[in-house]
Amino acid sequence: MEPKYHHGLVGGNFRLDALQAAVLTVKLRYLEAWTAARQANAARYQQLFEAAGLVRSGRVRLPQVVTDRHVFNQYVIRVPRRDELRAHLQRRDIGVEVYYPVPLHLQPCFTELGYRQGDFPHSEQAAAETLALPIYPELSDAQAAHVVESIAAFLKG
């Protein structure tokens, strides 16, 4: 896909060969601890965003957890001026990512379905507002606080 997240063809990701399977077999023993750490990081983010008043004010929408088994592969928030915030955080050496910036119905590989801009407004809005924050298991309290403080500074400015 070039550019990133823009798909001209429908395809699949089939990168699991024997070597990758062997690596995953070793990593599997750490899965529960990594999941618990990610869940703790998500809970920490929730507390930090609430303490900063960003949830109550509606400036930041946090992920809704609907299961006790959420593994938080990503921690995706919704914010206005997402691209400006992304640049702001990157200038502060905070690794963030925008996944799926183009909704599926607007991907070139699905043109033949005939959908247009405006046909799925919720998907389009999500594609414009979502930003994934660092959530890796080793994320420290100080790093999470720095992320939230940086977002708060941007949104208050």
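Helices and strands here are DSSP runs, helices of at least four residues and strands of at least two, numbered from the N terminus. With that settled, I opened the model, which is a predicted one.

**Entry 1: the overall layout**

I read off the order of elements first. Along the sequence the protein runs α-α-β-α-α-β-α. That gives five helices and two strands. I then checked the extent of the C-alpha trace, and along its principal axes the trace spans about 45 × 45 × 30 Å.

**Entry 2: surface and contacts**

I looked up burial next. The protein has 157 residues, and 32% of them count as buried.

**Entry 3: helix 2 against helix 5**

Two packed helices are described by the angle between their axes and the distance between the axes. I went after both for this pair. Helix 2 covers residues 31-51 and helix 5 covers residues 141-156; their axes come within 10 Å and cross at roughly 40°. Angles under 35 degrees count as roughly parallel and 65 to 115 as roughly perpendicular, so helix 2 and helix 5 are oblique to each other. I also noted the hand: helix 2 passes helix 5 in a right-handed crossing.

Which residues make the contact? On the helix 2 side I listed Arg44, Tyr45, Leu48 and Phe49. Helix 5 brings Asp141, Ala144, Ala145, Val147, Val148 and Ile151. Sorted by class, this contact of helix 2 with helix 5 has eight nonpolar residues, two charged ones and no polar ones.

**Entry 4: Ser150**

I stayed on helix 5, where Ser150 is found. Is Ser150 buried or exposed? Its relative accessible area is 5%, and the cut-off for buried is under 20%, so Ser150 counts as buried. Leaving out residues up to four places away in sequence, I found Ser150 touching His88, Leu89, Arg92 and Ile94.

**Entry 5: Leu155**

Leu155 is found in helix 5 too. I got 13% relative accessibility for Leu155, so this residue counts as buried. What does Leu155 touch, not counting residues up to four places away in sequence? I wrote down Leu54, Arg59 and Val60.

One last distance went into the notebook. Leu155 and Leu106 are 49 residues apart along the chain, and I noted 29 Å between their C-alpha atoms.

Notes: Residues are numbered from 1 along each chain as its sequence is written. This is a predicted model: local features need pLDDT of at least 70, side-chain atom pairs count only at pLDDT 80 or more; totals for chains, interfaces and linings use all residues. Side-chain values use heavy atoms; hydrogens and water are left out. Axes are lines fitted to C-alpha atoms, for helices over the stretch in contact, and angles run from 0 to 180 degrees between N-to-C directions. Angles under 35 degrees count as roughly parallel, over 145 as roughly antiparallel, 65 to 115 as roughly perpendicular and the rest as oblique. A crossing is left-handed if the near helix is turned anticlockwise from the far one by less than a right angle, and right-handed if clockwise. Contact means heavy atoms within 4.5 Å. Ala, Val, Leu, Ile, Met, Phe, Trp, Tyr, Cys and Pro count as nonpolar, Asp, Glu, Lys and Arg as charged, and the others, Gly among them, as polar. Buried means under 20% relative accessible area, exposed over 50%, partly exposed in between (1.4 Å probe, protein chains only).
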